[in-house]
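Please look over the model below.

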Amino acid sequence: MIERIVHEQLDDLEKAGPGADLVEVFTESVPSRVMCEMIGVPESERKTLQRHVETLGRLSCTVPEAVAAVSGMSGFLSRFVPVRMDDPRDDLLGDLIRGGQLTEQELMGMTATLITGAFDTTGNMLAMGVFTLLEHPDQLAKLRDDPELMGTAVEELLRFLTISHLGASRWALEDVEFAGQTIKKGEVVTIALPAVNRDPERYDNPDQLDVGRTDHGHLALGHGVHQCLGQHLARTILRIGYEALFDRFPTLRLAVPSDEVQMRDDFVHYGPRSLPVTWDD
């Protein structure tokens with residue numbers, strides 16, 4: 001299913017022609033379509049939900065904008081979930097319903113989590129990874145020469161980029177001594193994930209992208225009981241997406257200077273606002 005969606009979006013990219021925005025045509029659409037199919041959301045609702053998720057992920061959104069987005073998302077869920085509870089289908093949401101352990105409210109919350117997680121994070125990572133590989137042609141050449149490296153390349157891109165740049169907050173359950181600092185019971189610690197994933201005491205040449213790096217252990221997708229629920233799905237989408245894109249468009253390159261690519265620096269998850277690309281016909 002992921003392969004089908006990826007190739008359908010690449011068909012759209014080819015139809016759009018050189019100069020197309022990769023974010024709009026490909027990287028934003030692939031993960032949102034995948035999740036919609038997995039939980040049975042109608043295609044007619046997808047772009048509206050995408051706008052709501054984007055609004056809620058923008059740090060500069062106003063209170064009225066946030067309220068409108070939450071209201072829009074809640075309105076959809078209150079229509080969608082009860083209908084599906086009466087008629088569960090052969091998909092992920094249907095499996096959760098048939099499990100019989102979740103209330104309607106819990107199913108709505110779970111569905112919202114799946115939508116917001118899939119729509120935002122994977123799409124930004126897909127776009128940011130393409131941008132990064134195009135800016136590191138030596139690493140892209142390694143992948144072309146040895147496609148078997150794609151699995152390790154995905155892990156390295158996750159480490160190197162760490163698009164969830166706001167970190168994670170944890171409460172200390174007891175007094176902790178760490179690096180000469182006392183963290184008292186009940187205090188909150190916010191972890192800078194990009195700093196962790198480029199810790200020179202943990203990685204050799206941490207600021208260097210190396211698609212052949214095998215020493216991963218990054219925290220881009222969390223750790224322990226706080227690992228990302230959709231990490232395996234995200235990895236699969238990234239691997240298939242990168243492979244198919246660079247195979248279909250071997251001469252793919254930026255259509256504008258890299259310093260003209262506008263970034264989503266006011267969002268919870270980092271990535272390009274748009275990524276104009278071109279290729280040889």
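Is Glu-155 buried or exposed? Glu-155 counts as buried, at 13% relative accessibility. Here buried means under 20% relative accessible area, exposed means over 50%, and partly exposed lies in between (1.4 Å probe, protein chains only).

This is a predicted model, in which local features need pLDDT of at least 70 and side-chain atom pairs count only at pLDDT 80 or more, while totals for chains, interfaces and linings use all residues. Residues are numbered from 1 along each chain as its sequence is written, and side-chain values use heavy atoms, with hydrogens and water left out.

**Salt bridges**

Side chains of opposite charge can pair when their charged atoms come close. A salt bridge here is a side-chain nitrogen of Lys or Arg within 4 Å of a carboxyl oxygen of Asp or Glu. By this rule the count is 20. The table lists some of them.

| Pair | N to O distance |
|---|---|
| Asp-11 and Arg-248 | 2.5 Å |
| Lys-142 and Asp-210 | 3.9 Å |
| Arg-235 and Glu-155 | 2.5 Å |

Glu-155 pairs with Arg-235. Arg-235 lies in helix H11 and Glu-155 in helix H9, so this bridge ties together parts 80 residues apart in sequence. Helices (H or I, at least four residues) and strands (E, at least two) are DSSP runs, numbered from the N terminus. Arg-235 is partly exposed, at 22% relative accessibility.

Asp-11 bridges to Arg-248. Asp-11 sits in helix H1 (residues 2-16) and Arg-248 in helix H11, so the pair links parts 237 residues apart in sequence. Asp-11 is partly exposed at 33%. Arg-248 is partly exposed too, at 28%.

Lys-142 meets Asp-210. Lys-142 belongs to helix H8 (residues 137-145) and Asp-210 to the loop between H10 and H11, so the bridge joins parts 68 residues apart in sequence. Lys-142 counts as partly exposed, at 38%. Asp-210 counts as partly exposed, at 23%.

Some bridges share partners. Arg-4, Glu-8, Arg-33 and Glu-37 are joined in this way into one network.

**Cysteines**

How many disulfides does a search of the whole structure find? The search finds 0, a disulfide being a pair of cysteine sulfur atoms within 2.5 Å. Cys-36 is in no disulfide, and the nearest cysteine sulfur, that of Cys-228, is 17 Å away. Cys-36 is buried, with a relative accessible area of 3%. Cys-228 is partly exposed, at 32%.

**Backbone angles**

Most residues other than glycine have a negative phi. Thr-162 has a positive phi of about 45° although it is not a glycine. Thr-162 is in the loop between helix H9 (150-161) and strand S1 (168-171). Thr-162 counts as buried, at 3% relative accessibility.

Asn-205 also has a positive phi, of about 50°, and is not a glycine. The loop between helix H10 (193-196) and helix H11 (231-248) holds Asn-205. Asn-205 is exposed, with a relative accessible area of 54%. From Asn-205 to Glu-24 the C-alpha to C-alpha distance is 34 Å, and the two are 181 residues apart in sequence.
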